[in-house]
Amino acid sequence: MNNTPNKKTDNKITEAPSNFSNLEKMSVCELLNGINQEDGQIHLAVNKAIPEIEKFVSRLIDRIKAGGRLFYLGAGTSGRLGVLDASELPPTFGVPANIVIGLIAGGEKALRSAVESAEDDPEKAWQELQDYDINENDSVLGIAASGTTPYVIGGVKKARENGLLTACITCNPDAPVSKEAEIVIEAIVGPEFVTGSTRLKAGTAQKMILNMITTSLMIKLGRVKGNKMVNMQLTNKKLVERGTLMIMDELKLDKETSKSLLLEHGSVKKAIEAYKKA
């Protein structure tokens, strides 16, 4: 049995053969340690991409302030990650749902199950973007682990041709999508633990980068104060409790008063501002 890294390949692409062999013969502990060992490379790959991530976020800030939006384009895992990131921003930062919009090849159905051949149409993404009355302040970020997805490549290409800011996230060097995007974010994580399963290292790297992009963007747009989510939506008891504690910490008030302020004004930020003006 071979359950140690196999050094026979140093290929950088995500579809290259795994560094491990005979996975089915490994114990559960060996499998978990192997996956964890591979995952240790992800943050290093993402770190190398920070200059390009910074370039993209820096340009996004002014475009969003001018009324622009950020659109994610992806298929499969990449598409689901984009939709996930976009959907978490309104409750976390209190922004409208139309600031960051995730589009996935195959539409809503593709979030839960594969939609046959949905990603193979290079014209479809741009057609879908037309439903949003695209303007010159909008930006498009294509997400494709392999960098070969026609849906993403076609959408990014057409967006750039029409004057939008474009970027891509890919985990393969010099991928086809990189030739179409203005800003190229490459997180070269190498072969997956299970050969070709880009839901693993590649998916994690993409999620990390999306977190970095939108969290830093929201902070620079004033949606965070200090280190707190002062604009979060109060959608459940847990978040009301969290907001109450933030107000208690900021204003040095008792819990009952803090909660009353929060519920009256609807957000931590508005509650704090109202109290300080009183």
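Colleague: How much space lies in the second largest pocket?

Modeller: About 210 Å³. Bear in mind that this is a predicted model.

Colleague: Which residues lie nearest the centre of that pocket?

Modeller: Of the 14 residues that line the second largest pocket, Val 83, Ile 101, Gly 102, Leu 103 and Glu 108 lie nearest its centre. Helix 4 (76-93) and strand 2 (100-104) are the elements that give two or more residues to the lining. Strand 2 provides the largest share, five residues.

Colleague: What does UniProt list for residues 60-223?

Modeller: The unreviewed UniProt entry lists them as "domain: SIS". In the model, residues 60-223 are 38% helix and 15% strand, and the end C-alpha atoms are 15 Å apart.

Colleague: Let's turn to helix 9. Why are its buried residues said to line one face?

Modeller: The residues in question are Ser 258, Leu 261 and Leu 262, in a helix that spans residues 255-265. Seen down the axis of helix 9, they fall within an arc of 100°, so they line one face. In general, an α-helix has 3.6 residues a turn, so residues three or four places apart point the same way. Helix 8 (237-251) and helix 10 (268-277) are among what covers the buried residues of helix 9.

Colleague: What makes Glu 256, Leu 263 and Glu 264 count as exposed?

Modeller: Exposed means over 50% relative accessible area. These three carry that label, and they sit on the face of helix 9 turned away from its buried side.

Colleague: How do you know that Asp 254 caps the N-terminal end of helix 9?

Modeller: A side-chain oxygen of Asp 254 lies 3.1 Å from the backbone nitrogen of Glu 256. The cut-off for a polar contact is within 3.5 Å, so this pair qualifies. Just after helix 9, Gly 266 takes a positive phi of about 90°.

Notes:
Residues numbered from 1 in each chain as written. Predicted model: local features only at pLDDT ≥ 70, side-chain atom pairs only at ≥ 80, totals over all residues. Heavy atoms only, no water. Buried < 20%, exposed > 50% of the residue type's maximum accessible area, 1.4 Å probe, protein only. Helix = DSSP H or I, 4+ residues; strand = E, 2+ residues; numbered from the N terminus. Arc of directions from axis to C-beta. Contact = heavy atoms within 4.5 Å. Polar contact = N/O pair within 3.5 Å; in protein donor to acceptor, adjacent residues only side chain to side chain. UniProt positions renumbered as here; feature names shortened; annotations may be inferred. 1 Å grid on protein atoms, 1.4 Å probe; cavity = no way out; pocket = protein on both sides within 12 Å on 5 of 7 lines; lining within 4 Å. Points joined across faces, edges and corners; volume = space filled by probe spheres on them.
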